[in-house]
Amino acid sequence: MSDPAGLGAQRTSRWVLLLHTVTFRQARALVPAVLGIGAARGFQGGTVTVVALVVGVTLLSLLWAALSWWRFSYAVGETSVVVTRGLLSRSVRTVPLDRVRGVEVEAPALHRLFGLVRVEIDAAAGSVGAKGEELVVDGVSRAEGDRLRARLLARRAAVTGVAPDAHPGDVAAPVEEAEEVISRFDPRWLRYSPLVGSYLAVPMAAAGALFRLLDEVPDRFLPDLGRPGVPDGLLAALVLLGGLVLLVLGSIVGSAVVNWHFLLVRRGGSLVATRGLVTRRHTELEVDRIRGCTVGQGVGMRLVGAARASALVTGLGDAARRGQLLPLGPEDEAWSLAGRLVEPTGPLQAHPLAARRRSVVRSVVPGALVLVAGVVLTATSGWWPLLVAGAVLTALGVPLGRARYAATGHATGPRSFAVRSGWLVREHAVLQRRAVVGWQVRQSVFQRRAGLATVLACVGAGSGGYAARDMAADEAAAFARAASGPWAGTLTTAA
């Protein structure tokens with residue numbers, strides 16, 4: 001086995017050969033080609049030909065999996081982790097341990113059947129890898145996965161730590177290793193699931209696929225749903241009600257599967273989150289890499305007082321999922337969790353009335369354009385539905401614009417600042433002052449005339465930037481100084 005770094009390279013478990021063969025992971029690209037060849041030849045020979053194709057693809061998958069396993073190795077040294085892979089083109093990736101931002105140990109259903117896990121390592125340079133992925137060691141035993149996780153993050157136990165909101169020069173304190181339960185998923189929170197779009201996506205896709213399948217079935221094979229004395233409208237309403245019930249149940253089941261036994265604990269200098277029924281995930285994040293927290297609420301979630309909370313961690317890949325600290329729960333629970341990670345800023349400062357006028361105008365304009373088109377078509381061809389649609393959209397634009405304005409705001413505190421935006425999904429972000437690596441101020445022609453500006457805080461975590469939209473332009477520099485320090489005093493607006 002090649003060991004370019006001299007760190008004692010290791011291979012994954014041999015059981016991964018069977019796992020990757022069963023899932024056709026390595027030879028997945030060959031399956032469409034083989035099926036295409038068989039279809040072009042008309043599958044002459046019937047069952048024998050089909051069996052031969054399946055056996056051939058399986059053997060190719062096994063061969064490819066064996067070669068990939070043979071050419072893959074990993075090693076963890078005192079200062080770095082090295083992953084070597086590749087059949088014809090060799091790739092050796094070396095990442096210093098001080099660049100590791102988090103480690104996730106994932107156990108999908110088939111992996112658990114073979115007693116294996118997948119270890120995903122988040123590093124600041126994670127996007128440099130092949131296909132933009134993090135470092136992944138797929139197919140090690142559970143014990144080896146836990147050993148890797150502990151080894152990759154063990155350096156924190158040997159150094160002193162400083163509180164995330166500490167000032168430069170503060171005295172360092174030893175990192176405590178005691179475990180503290182921060183949040184535990186309550187099954188009663190599943191009632192919020194139908195209000196989250198991501199949990200509705202799967203049952204909606206399943207319902208769509210079912211309807212498409214039924215549409216392809218000949219009518220003679222479908223049962224006659226009509227019943228004497230039952231109006232068609234009532235039957236359609238019952239079908240619609242049944243579909244809604246299935247969507248609600250599907251979202252609840254999906255949420256339960258993803259968040260099964262969710263538990264968030266603080267262990268020493270780490271936040272550890274475990275969750276999942278079919279795929280069990282174990283995510284560990286360094287507390288001193290956390291730069292802020294977001295609390296997100298959709299329209300329905302705001303109506304019932306529900307929210308989701310996520311940590312903003314520097315260098316974290318797939319931050320929307322791995323940084324999630326409260327997948328779904330009461331609003332008070334989300335804000336309590338955010339307050340534990342980042343010092344609160346206090347109430348948000350409302351933006352000027354000019355921002356409200358601008359928001360209302362932007363919401364009304366699309367409906368007004370449809371209304372004008374409807375007037376023209378009604379006068380020329382008598383086609384009035386577009387006129388009605390335009391009038392309705394124009395009327396709805398006013399409350400929508402006011403709601404968008406109400407969602408905006410910003411605030412500053414001694415060691416943190418906050419911005420909020422969004423109507424369909426409202427996001428309130430609270431960030432530490434040290435998170436900011438730059439500022440950008442944008443002004444459109446209409447914003448300049450209204451004396452407004454959009455101020456973007458550039459950070460190395462989360463989505464990379466968080467904006468205070470349509471704030472007073474003459475307050476932009478003062479906000480930047482208060483949110484990040486005197487170095488932002490030269491902030492200027494850009495056209």
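Visitor: In which helix is Ser251 found?

Guide: Ser251 is found in helix α7; helices (H or I, at least four residues) and strands (E, at least two) are DSSP runs, numbered from the N terminus. This is a predicted model, in which local features need pLDDT of at least 70, side-chain atom pairs count only at pLDDT 80 or more, and totals for chains, interfaces and linings use all residues. Residues are numbered from 1 along each chain as its sequence is written, and side-chain values use heavy atoms, with hydrogens and water left out.

Visitor: Why does Ser251 count as buried?

Guide: Buried means under 20% relative accessible area, exposed over 50%, partly exposed in between (1.4 Å probe, protein chains only). Ser251 has 0% relative accessibility, so Ser251 counts as buried.

Visitor: With which residues is Ser251 in contact, leaving aside its neighbours within four places in sequence?

Guide: Ser193, Pro194, Tyr199, Leu200 and Pro203, where contact means heavy atoms within 4.5 Å.

Visitor: Why is His261 called exposed?

Guide: The relative accessible area of His261 is 57%, so the residue is exposed. His261 sits in the loop between α7 (232-259) and β10 (263-267), and has a positive phi of about 55° although it is not a glycine.

Visitor: Is Asp470 buried or exposed?

Guide: Buried, because its relative accessible area is 10%. Asp470 lies in strand β21 (residues 465-472); it is not a glycine, yet its phi is positive, about 55°.

Visitor: What makes β2 and β3 a pair?

Guide: Two strands pair if DSSP finds at least two bridges between them. Strand β2 (residues 80-85) and strand β3 (residues 91-96) run antiparallel and are joined by 6 bridges, so they pair. Thr84 stands opposite Val92 in β3.
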